[in-house]
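Hi everyone, thanks for making time for this one.

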Amino acid sequence: KDPEMSAHLRVLELDTNDAWKLFKLIDTDKTGLVSLDEFIHGCEVLKGGAKSVDIANMSLEFRSVAKRLLKFVANTEVRLDKISAHVGMAPAAKTLKA
């Protein structure tokens with residue numbers, strides 16, 4: 001840990017114990033780099049302690065899980081349609097939209 005950076009983050013009321021999670025939340029364009037604008041905006045959004053960070057992290061995780069679930073459902077529907085066609089049944093009804 002850089003003591004000077006830790007001090008700056010404490011002034012902004014940001015927890016430095018989970019630096020990787022904080023980095024992923026601030027890296028909004030997902031480039032693996034944090035621009036000055038991303039850093040400033042991210043610190044303002046996450047200011048206020050662990051509660052704000054936890055909510056933002058849960059939102060990030062939820063979006064990731066939702067995307068994976070939609071891909072899984074679409075893949076399952078394709079496979080079920082192939083099985084149905086093979087045994088001579090009508091295709092399964094489409095229930096979810098990506």
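So, to start: what percentage of the 98 residues of the protein count as buried? It's 20%, where buried means under 20% relative accessible area, exposed means over 50%, and partly exposed is in between, with a 1.4 Å probe and protein chains only.

A quick word on where this comes from. This is a predicted model, so local features need pLDDT of at least 70 and side-chain atom pairs count only at pLDDT 80 or more, while totals for chains, interfaces and linings use all residues. Residues are numbered from 1 along each chain as its sequence is written, and side-chain values use heavy atoms, with hydrogens and water left out.

Now the fold. The protein has 4 helices and 0 strands, and from the N terminus the elements go α-α-α-α. Helices here are DSSP runs of H or I with at least four residues, strands are runs of E with at least two, and both are numbered from the N terminus.

Let's look at a helix pair. Helix 2 (residues 19-26) packs against helix 3 (residues 36-46) at an angle of about 110°, and their axes are 9 Å apart. That makes helix 2 roughly perpendicular to helix 3; under 35 degrees would be roughly parallel, over 145 roughly antiparallel, 65 to 115 is roughly perpendicular, and the rest is oblique. For the axes, lines are fitted to C-alpha atoms, for helices over the stretch in contact, and the angles run from 0 to 180 degrees between N-to-C directions.

On helix 2 itself sits K21, which is partly exposed at 22% relative accessible area. K21 is 36 residues from N57 in sequence, and their C-alpha atoms are 7.4 Å apart.

What about the loop between helix 2 and helix 3? T28 is found there, and T28 is exposed, with a relative accessible area of 57%. T28 and H41 are 13 residues apart in sequence and 9.7 Å apart in space, C-alpha to C-alpha. K30 lies in that loop as well.

Last stop, helix 4 (residues 50-87), which is where V87 is placed. V87 counts as exposed because its relative accessibility is 52%.

That's my tour, so over to you!
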